[in-house]
Amino acid sequence: MDLSNFTTLQNLESAFGGESMANRKYLFFAEVARKLGFKDLAKLFKETADQETEHAFAHFKLLHPELAVENPEALTEEQKKEIVSRCLSLAIEGETYEYTTMYPEFAAAAQSDRDNPAAEEFLKQVQESTDHANTFREAAHRFGLLKFIENYHADRYSEALEELNGKEAATRVAGVDPATRKWICRQCSMIYDPIAGDPDSGIAPGTAFEDIPEDWNCPICGASKKTFKLLEEKVAA
């Protein structure tokens, strides 16, 4: 397909984004319906989400025809490696954008919105303004955490690409000092750093993971403390 038409290219990217978003929304709706006991509705949302995935895949194949694999048996090992390398490169590009640009900008905007006194709004609707401020505070906190998660994802993709190209796998080990060793959520990859703590959740900087109350939850996905595991960090060569 000729993608030289800039409008069509933008439309394909928008369509891919829209279908992808619909997939995640419908999966979320399916989970809500399941928890509330509406099994038929949950099934409907799930089936529709799967269909939206197919739509998104179709758009993405047009955007990246070099990644469309129709007959893997006909490909040489080198061709397979090139395709997977391209996938990793795109993943690295996306994650790097998220942690270097997107989330830092979102965090700054949320911080700015939170700090806006909105005097007139406070006078008219104090409670609503308080709710807004809390939402912006939570958003700023979450965006800040996501920056580190996307950095971690980008690093892992980069390592995978290097290994694919023949480089020896990096050595990763978990820290031994409770005061500095990090923990990672197995559900969303949120990284708990004891040096930073989690002040927005009442966990002061310098708090070792072992000293966090058992009822603490991941500030990103809400998973319980037991969902975390020690983070194995790359050892400098």
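This is a dialogue about how to read some features of a predicted model.

Reader: Before we start, what should I know about the numbering and the model?

Author: Residues are numbered from 1 along each chain as its sequence is written. The model is predicted, so local features need pLDDT of at least 70 and side-chain atom pairs count only at pLDDT 80 or more, while totals for chains, interfaces and linings use all residues; side-chain values use heavy atoms, with hydrogens and water left out.

Reader: How many helices and strands are there in the protein?

Author: Helices (H or I, at least four residues) and strands (E, at least two) are DSSP runs, numbered from the N terminus. Here you'll find 5 helices and 5 strands. Along the sequence they follow the pattern α-α-α-α-α-β-β-β-β-β.

Reader: And what does "buried" mean, and what percentage of the residues count as buried?

Author: Buried means under 20% relative accessible area, exposed means over 50%, and partly exposed is in between (1.4 Å probe, protein chains only). Of this protein's 237 residues, 27% count as buried.

Reader: Which residues have the most contacts inside the largest nonpolar core?

Author: A nonpolar core is a set of buried Ala, Val, Leu, Ile, Met, Phe, Trp, Tyr and Cys residues joined through side-chain atoms within 4.5 Å. The largest one has 18 residues, and Met-190, Tyr-192, Cys-218, Ile-220 and Phe-228 have the most contacts inside it. At least two residues of this core come from each of α3 (77-115), α5 and β2. Helix α5 supplies the largest share, 3 residues.

Reader: Now the pockets. How much space lies in the largest pocket?

Author: The search uses a 1 Å grid over the protein atoms alone: a cavity is a set of points where a 1.4 Å probe fits but cannot get out, whereas a pocket is an open set with protein on both sides within 12 Å along at least five of seven lines. Lining residues have an atom within 4 Å of a point. Grid points are joined across faces, edges and corners, and a volume is the space filled by probe spheres set on the points. The largest pocket holds about 400 Å³ of space. It is lined by 21 residues, and the closest to its centre are Phe-148, Lys-182, Ile-191, Asp-193 and Leu-231.

Reader: Which element gives the most to that lining?

Author: That would be α5, with 8 residues. Helix α5 (126-164), β3 (191-192) and β5 (232-234) each supply at least two. To sort the lining by class, count Ala, Val, Leu, Ile, Met, Phe, Trp, Tyr, Cys and Pro as nonpolar, Asp, Glu, Lys and Arg as charged, and the others, Gly among them, as polar. That gives 10 nonpolar, 3 polar and 8 charged residues.

Reader: Let's look at single residues. What does Asn-23 touch?

Author: Contact means heavy atoms within 4.5 Å. Asn-23 lies in helix α1 (residues 6-35). Leaving out residues up to four places away in sequence, Asn-23 touches Ala-49, Asp-50, Glu-52 and Thr-53. Asn-23 counts as buried because its relative accessible area is 6%.

Reader: Which side chain makes a polar contact with the side chain of Asn-23?

Author: A polar contact is a pair of N or O atoms within 3.5 Å; within protein, one must be able to donate a hydrogen and the other to accept it, and residues adjacent in sequence count only if both atoms are side-chain atoms. For the side chain of Asn-23, the partner is the side chain of Thr-53, at 2.6 Å.

Reader: Is Lys-46 buried or partly exposed?

Author: Lys-46, in helix α2 (residues 39-63), is partly exposed because its relative accessible area is 39%. The side chains of Lys-46 and Asp-50 are joined by a polar contact of 2.9 Å. Beyond four places in sequence, Lys-46 touches Leu-27 and Ala-30.

Reader: And where is Ser-201 found?

Author: Ser-201 sits in the loop between β3 and β4 (228-230). Ser-201 touches Trp-216 and Pro-219, again not counting residues up to four places away. A polar contact of 2.6 Å links the side chains of Ser-201 and Asp-198.
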